[in-house]
Amino acid sequence: MPAFYKFVKKPGQGSKNSKQELYPRFVPSDTVKKEEFLEAASAMSGFSKAIIAGILQLFGDLIVRYLSRGKSVTLEGIGTFSLTLTAPPVTNKSEIRSESIRFKDVTFRSAFSLRHRLKDTSFYRKEEYRPDTCYSPEQRKERLLKYLELYTTFTRKNYMALNKCSKTTAVNDLKLFLNEKIIKKSGPLKGLYEKAVKEDPGLEE
């Protein structure tokens, strides 16, 4: 799946008439939410979504516990979580009492090993990306079938990102796959699909 960037101007640099430097900014193609994350983790690990959801909840609870006790939390291979603080502006530290110090945010500093694993990521400029030139209809179908060997469900946005195609192409492909009974709608959630199997009693012979 592609990773995108766009160029933005560096803030507060130079006068209005001077040329400002540009720097690349990451542009997410989609946001992976909890349900999709649980599906992927379950498929890769063999653990149930319920077990993984419980571990994620425990993970969050433990981070809160340790941070609230004045500790940083380092997870090998992932990174370190720490607190940042805020207080009224002062010129002398004796002018402020500890009661005025407040929590501001949680910061995350990635581990070197995590950065190393991401260093070969390829990026495409968002404005110049032409998705429909990348894969043929048959290639898009094959890529979806391979995707469904790892994940049990997917959305139209997942399909667009997987095959680097437009919304129109994705809608047309999914309609075709539904008619061919390659996929079917999954559960009560709108826009969620899964692989259709011949043994499925919900399919017509």
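## Helix H5 and its cover

In this predicted model, the buried residues of helix H5 are Asn158, Tyr159, Ala161, Leu162 and Asn163. Just after H5, Lys164 adopts a positive phi of about 55°.

## The largest nonpolar core

In soluble globular proteins, nonpolar side chains tend to be buried together. Here, the largest nonpolar core has 13 residues. Those touching the most other members are Leu144, Leu148, Phe154, Tyr159, Leu174, Phe177 and Ile183. Helices H4 (137–147), H5 (156–163) and H6 (167–179) each supply at least two residues of this core. H6 gives the most, with three.

What does Leu144 contact, leaving aside its neighbours within four places in sequence? Its partners are Phe154, Tyr159, Leu162, Phe177 and Ile183.

## Aromatic pairs

The structure holds six aromatic pairs. One is formed by Tyr147 and Tyr151. Their ring centres lie 4.6 Å apart, with 45° between the planes, and the pair is tilted. Tyr147 counts as buried, at 9% relative accessibility.

Tyr159 and Phe177 also pair. Their ring centres are 6.1 Å apart and their planes stand at 70°, so this pair is edge-to-face. Tyr159 lies in H5 and Phe177 in H6, so the pair ties together parts 18 residues apart in sequence. Tyr159 is buried, at 0% relative accessibility. Phe177 is buried too, with a relative accessible area of 2%.

Terms used
Residues are numbered from 1 along each chain as its sequence is written. This is a predicted model: local features need pLDDT of at least 70, side-chain atom pairs count only at pLDDT 80 or more; totals for chains, interfaces and linings use all residues. Side-chain values use heavy atoms; hydrogens and water are left out. A nonpolar core is a set of buried Ala, Val, Leu, Ile, Met, Phe, Trp, Tyr and Cys residues joined through side-chain atoms within 4.5 Å. Buried means under 20% relative accessible area, exposed over 50%, partly exposed in between (1.4 Å probe, protein chains only). Helices (H or I, at least four residues) and strands (E, at least two) are DSSP runs, numbered from the N terminus. Contact means heavy atoms within 4.5 Å. Rings of Phe, Tyr and Trp (its six-membered ring) pair if their centres lie within 6.5 Å; planes under 30 degrees apart count as stacked, over 60 as edge-to-face and the rest as tilted.
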